[in-house]
Amino acid sequence: MMLQLGDIVNDLKEWKNGKALIVRGKGRSFCPGADLNMVYNMLDSKQGREMCSFMHRTLTELHRLPLISVAAIDGPAIGGGAELCTATDFRVMTERADIKFVQALLGIVPGWGGGTRLTRLVGRTRALDLLSSGRTIRPEEAVEIGLASWIIPTGRDVVEATTEWLQRYTRGRTEVVRAVKNVVVAGTELPVEEALAKEAEQFVNVWGGPAHVEAILKSMKHKK
């Protein structure tokens, strides 16, 4: 699964016409965590470092893609699955979904960037609570603390409902949607001066473009 995810993210980096991405699991599960038998056979520190490095890089690249991304969680997201869902821009959950950062219960800590992203999402105190206890986060609490954005109504098709929900962010032209995401990534990851320069660069890229011209002409018509 890790290698497949890495390949998918590499393919998405080459997808120049995309606006959005939905990450979901197979069936009624999002990602129930690692196969413990596999983990037991990888207890060597070198193997742990290699896996950590690979998944850290993969999820960071997923997080930085110029696509509006959402994790559609329709079941358990445990351990590595919990880390995976923090690498998307948004998370939506069904009533039967839950999120559990169980790493501390297994004698480790998040190693794929999920601890850092969780802290930025929910704040220091809540992140410490969730990471230390490994307790279950139900949809209602996830929305309350800002970890999830929406609870998918019972009976709705998960992909259909998530796609519909995403449309509020993807109505604009592709180049504008991608530019907005690039601005936000820069603003959260780069030093201030570099982020400001990146924002200016994105502004210049879309200034006078089709979306800009169309919007100006439409506004001028409304004012007549």
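Predicted model: local features only at pLDDT ≥ 70, side-chain atom pairs only at ≥ 80, totals over all residues.
I started with burial: 37% of the 224 residues in the protein are buried (under 20% relative accessible area with a 1.4 Å probe, protein chains only; exposed is over 50%, partly exposed in between). Numbering runs from 1 along each chain as its sequence is written, and side-chain values use heavy atoms, with hydrogens and water left out.

**Overall make-up**

I counted 11 helices and 6 strands (DSSP runs numbered from the N terminus: H or I of at least four residues for helices, E of at least two for strands). The radius of gyration is 19 Å, close to the 17 Å from the globule rule for 224 residues, so the protein is as compact as a globular protein of that length. That radius is taken over C-alpha atoms, and the rule is 2.2 Å times the number of residues to the power 0.38. I also looked up the span of the C-alpha trace along its principal axes, about 70 × 40 × 35 Å.

Next came contacts (heavy atoms within 4.5 Å). Of those with a separation of 6 or more, 69% join residues 24 or more positions apart.

**The sheet**

What is the strand order in the open sheet of 4 strands? I read it as β1-β2-β4-β6, with parallel pairing. The edge strands are β1 and β6 (150–151), each pairing on one side only. Pairing here takes at least two DSSP bridges between two strands.

I then went along β1 (residues 20–24), which pairs with β2 (residues 68–73) in the parallel sense over 5 bridges. I22 has V70 as its bridge partner in β2, and R24 has A72. On β1, L21 and V23 form the covered face, whereas A20, I22 and R24 make up the uncovered one.

**L166**

Is L166 buried or exposed? I found L166 at 4% relative accessibility, so this residue counts as buried. L166 sits in helix α8 (residues 158–170).

Which residues does L166 contact, beyond its neighbours within four places in sequence? My list reads A20, L21, I22, I68 and V70. I checked I22 separately: L166 and I22 are 144 residues apart along the chain, yet their C-alpha atoms are separated by 9.0 Å. The V70 on that contact list is also the bridge partner of I22 in β2.
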